[in-house]
Amino acid sequence: MIPVLGLVAGIVLGIVLEPTVPLWLEPYLPIAVIAALDAVFGGVRAVLDGIFDDKVFVVSFLANTTIAAFIVFLGDQLGVGAQLSTGIVVVLGIRIFSNVAAIRRHLFKA
Amino acid sequence: MSPRPDASMTLLDQVLRGAVDPGYQEAAARRGPGAPRRRGGWPAALACVVMGLIMVAGAQTLRSPERSVGGERVALAERVEQGRGVVEARSAAVVGLRADIDALRRAGLTGDAGRAAADELARGQARAAAVPVSGPGLVVSLDDAPSAATAAGAAPREAGESDDGRITARDLQYVTNELWAAGAEAIAVNGVRLTSASAIRHAGQAVLVAYRPLARPYTVTAIGGPEMVEAFDAGQGGAYLEELRSSFGVRASSRADAALSAPAGTVLTLRYATAVPGGPSPAAPAPSSKENAS
């Protein structure tokens, strides 16, 4: 329950504070948003599966975001930034879809 | 052991089936079956707060470019409107000041030489379209054909499909030339007075009269006697309007009116002045001056 409250609190804080993202972080913002979504849905599915572990949750979120940002940065340096970024979005999108499908199965069948 | 037939698909397999972080499975296995779940502690809540912040910051930052562009346009449009209001106020002030100058000049031109100069000045002003004129005359209304019409007053410089039903500068030129030929004393198009130096041109789709872009519908006000009305309707002008109506579906009409007015056109600037011959008379201290229309 507390993580959900934390999520809501984060959203409310974001709307109220209207944080401005520094310019050098802006290319990584879409990736960070998608990684955050993936972690949220992965966590919800783990809760419904009964195997939620908050340490795994935090570590996976941080690691995913950092690795995704690093891959985008590496791609920018190598000149393939757009393609790598697309690849990351595709993979994370597939994961989000699978997690949401599993959540749906849990909610509407089990 | 021989590789499985679908070994090459392991990547896709992993992506599709391994959506749940295997970390969850391993942690659950480590805890052993039946152990209570480690749910929501503070680390997870903190991570969720950060996630919420990231998502909202992303939404605000990544969405804002459209909003700022729209805001700039609105701000620019407001500045244009403001500037236009200032220009109109100042133009009205100029008209008032010119009337004052005229009155002062008339008061200063006394005596025979002064009166002659005043008469010549009045004739010159009338010919140069420097004074407003009112009287009976003819009003010619020209509007695009309904099929080619855009919203009235829409930006005239936007490029659109060229249609036969559009009023062009040439139509206005022809109509005004016919009105002059019929004997009009003063002509104004949409409130812009035509002088001897005014041109009716087009720039793209817009019609420019004396360098001012005008939007449809066009109202040509010609002040003259009834013979002008007859000469126009019965002559080439009327025939042209009729052809516009029948061939292109353009809305062209003319009607006589007993009380029309045309505003003043030019700005008169003083170019050179000469003293009245015979020295200044006590009743006319101001030297007469020759004025040119600019």
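**View 1. Asp171(B) sits in helix α5 of chain B, which spans residues 169–182.** Helices here are DSSP runs of H or I with at least four residues, strands are E runs with at least two, and both are numbered from the N terminus. This is a predicted model, where local features need pLDDT of at least 70, side-chain atom pairs count only at pLDDT 80 or more, and totals for chains, interfaces and linings use all residues. Residues are numbered from 1 along each chain as its sequence is written, chains are lettered from A and ligands numbered from 1 in the order in which they are written, and side-chain values use heavy atoms, leaving out hydrogens and water. Asp171(B) is buried but has no salt bridge. Buried means under 20% relative accessible area, exposed means over 50%, and partly exposed lies in between (1.4 Å probe, protein chains only). A salt bridge puts a side-chain nitrogen of Lys or Arg within 4 Å of a carboxyl oxygen of Asp or Glu. For Asp171(B), the nearest side chain of opposite charge is Arg170(B), 7.2 Å away; Lys and Arg count as positive, Asp and Glu as negative, while His and the chain ends are not counted.

**View 2. Chain A meets chain B through 42 residues of chain A and 36 residues of chain B.** Contact here means heavy atoms within 4.5 Å. Zero salt bridges are found across this interface.

**View 3. Arg95(A) and Asp38(A) join their side chains in a salt bridge of 3.2 Å, N to O.** The pair links distant parts of the chain, with Arg95(A) in helix α4 and Asp38(A) in helix α2 of chain A, 57 residues apart. Arg95(A) has 18% relative accessibility, so this residue counts as buried. Asp38(A) is buried too, at 2%.

**View 4. Asp144(B) and Arg216(B) form a salt bridge between their side chains (3.6 Å, N to O).** Asp144(B) lies in the loop between β1 and α5 and Arg216(B) in the loop between β6 (212–214) and β7 (218–223) of chain B, so the pair ties together parts that are 72 residues apart in sequence. Asp144(B) counts as buried at 3% relative accessibility, and Arg216(B) counts as buried at 12%.
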